[in-house]
Amino acid sequence: MTSSCRRPEHTAPPDVFYNEDEAKKYSQNSRMIEIQTQMSERAVELLNLPEGQPCFLLDVGCGSGLSGDYLSEEGHHWVGVDISTAMLDVALDREVEGDLLLGDMGQGMPFRPGTFDGCISISALQWLCNADKRTHSPPKRLYTFFSTLYSSLSRGSRAVFQLYPENSEQVELITTQAMRAGFSGGMVVDYPNSSKAKKFFLCLFAGVTGVLPKGLGSETADKTVANQVQYSGQRSRFKNMKGKSVKKGRDWILEKKERRRRQGREVRADTKYTGRQRRPHF
């Protein structure tokens, strides 16, 4: 997972962090533009749109419109939503082809049912995991976002989010609220064994149960490391064993190992000795 140090969402709320100085980087920094374009290309690939057919797409956290530029190059029409006026001003100065809307994704998407053929989002979803105000509840804001997004998508379409989760708890929080809202799907991890190239993409299906795409780098990844995680919306619960601690029991250890596999970490195979109680040493 991405380290918690120097994470933008820990510095300030998004509308404050993405000020005029920060927004200029997205139109002047060639490295930043290249990375944003590459992630947008991968997100569109995971959308699995019909070839040669223009689609109407939603870009959540559109920022200065770099993702929208790629959508336009591919022949698609799009609407971008962002909470930062400074970022949207840069998008206007760049004369992007999409329509722009100022809005907080945590308050929901204000679109009619079935409006869009798909949705992408680059480096924005993890911001909803933080409470910037006393009235903010991350689970409620995530559910509000996902439920209104689900309504605005046509049935059979997809939504793909590139994100930087801080830990496995954030992954579970996000996916749980997405499944509550009606989505199916899961996390696709590109290059799971690389600390620098690893990328997380939440791939969601609206109204259908699709086959989760494979993550890039699977041919070089260790066979014991999963690079895609399917979520069914069901959570396994520990059995409350009388006289024994639930934590560090066999079920707790097995679930912890499974979470680490989802993160792309190397984990020893499960055996009959996993979680075995050992005698104390004197």
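**Cysteines, surface charge and backbone**

I begin with the cysteines. At a relative accessibility of 2%, Cys62 counts as buried, because the cut-off for that class is under 20% relative accessible area. Cys203 is buried as well, with a relative accessible area of 0%. Please keep in mind that we are looking at a predicted model. How many disulfides does a search of the whole structure find? The number is 0.

Glu95, for its part, lies in the loop between H5 and strand E3, residues 99-102. Is Glu95 buried or exposed? Its relative accessible area is 68%, so Glu95 is classed as exposed, the cut-off being over 50%.

Finally, the backbone. Ser123 is not a glycine, yet its phi is positive, near 55 degrees. The residue sits in the loop that runs between strand E4 (116-122) and helix H6 (138-152). With 18% relative accessibility, Ser123 counts as buried.

Tyr191 also has a positive phi without being a glycine, at about 50 degrees. Where is Tyr191 placed? Its place is the loop between strand E6 (184-190) and strand E7 (199-205). Tyr191 is partly exposed, its relative accessible area being 38%, whereas Ser123 is buried.

Thank you for your attention.

Methods. Residues are numbered from 1 along each chain as its sequence is written. This is a predicted model: local features need pLDDT of at least 70, side-chain atom pairs count only at pLDDT 80 or more; totals for chains, interfaces and linings use all residues. Side-chain values use heavy atoms; hydrogens and water are left out. Helices (H or I, at least four residues) and strands (E, at least two) are DSSP runs, numbered from the N terminus. Buried means under 20% relative accessible area, exposed over 50%, partly exposed in between (1.4 Å probe, protein chains only). A disulfide is a pair of cysteine sulfur atoms within 2.5 Å.
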